[in-house]
Amino acid sequence: DYVTSPFVSAQARGWPLEAAIGALNDVAAAPDKVARMLVMFSEGIGATTTVPEDVGNEALDLGIPIYPIVTNYQNHIRENYPRNLFRMHQFAALGKMTGGRAVEYTQIDAAALRKILESVKNDGLSQYVVGFVPPASTGTPKEHKLEIKLMSKSSGALEGGKRRATF
């Protein structure tokens, strides 16, 4: 068993993934017709049985990208703590998994926080949300995988582009 950190015991690592699932469900329940995104600050995933795929699947189902901000305070998470490094990388993977982006900061002050939030805002403003209305169906609803592809890869880049929908 790896020593997980000289700083934090497993019991004090928190429940960041469970908190993310709760936040995703709370904001998705609001009736406002707006694009939503979740910005999460953490050193990594918690020490519970919830895995990043649980959060990623919930975010995909709700159409909410996650922007993980990895707070590797003063670069204290290194190779000599492989479990912490693994947890940090799993947390960062939520960005690509859900259509968001991950960044790492060694410390966050007011200027860094402004830069992070401006970057997320600008990223959100540069995105398109594509939707459709499925034909009326009398059958039992089932899950469909939706994907958007560019006609030509030379015409630009597409990030995300996949969602699941049930109808």
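D123 counts as buried in this predicted model, because its relative accessibility is 10% and the cut-off for buried is under 20%. Its partner in a salt bridge is R101. The closest N and O atoms of the two residues are 2.9 Å apart.

Where do R101 and D123 lie? R101 sits in the loop between helix 3 (82–98) and strand 3 (103–105), while D123 belongs to helix 4 (residues 110–125). The pair therefore ties together parts that are 22 residues apart in sequence.

The structure holds 2 salt bridges. The other one joins the side chains of K121 and E118, with 3.6 Å from N to O. Both of these residues lie in helix 4, 3 residues apart, which is about one turn of the helix. K121 has a relative accessible area of 42% and is partly exposed. E118, at 35% relative accessibility, is also partly exposed.

Now consider the chain as a whole. It contains 4 helices and 5 strands. Read from the N terminus, these elements follow the order α-β-α-β-α-β-α-β-β. Among contacts between residues at least 6 apart in sequence, 75% join residues at least 24 apart. The chain exposes about 11300 Å², and carbon and sulfur atoms supply 55% of that area.

How values were computed. Residues numbered from 1 in each chain as written. Predicted model: local features only at pLDDT ≥ 70, side-chain atom pairs only at ≥ 80, totals over all residues. Heavy atoms only, no water. Salt bridge = Lys/Arg side-chain N within 4 Å of Asp/Glu carboxyl O. Helix = DSSP H or I, 4+ residues; strand = E, 2+ residues; numbered from the N terminus. Buried < 20%, exposed > 50% of the residue type's maximum accessible area, 1.4 Å probe, protein only. Contact = heavy atoms within 4.5 Å. Areas by Shrake-Rupley, 256 points an atom, 1.4 Å probe, with all protein chains shown as cover.
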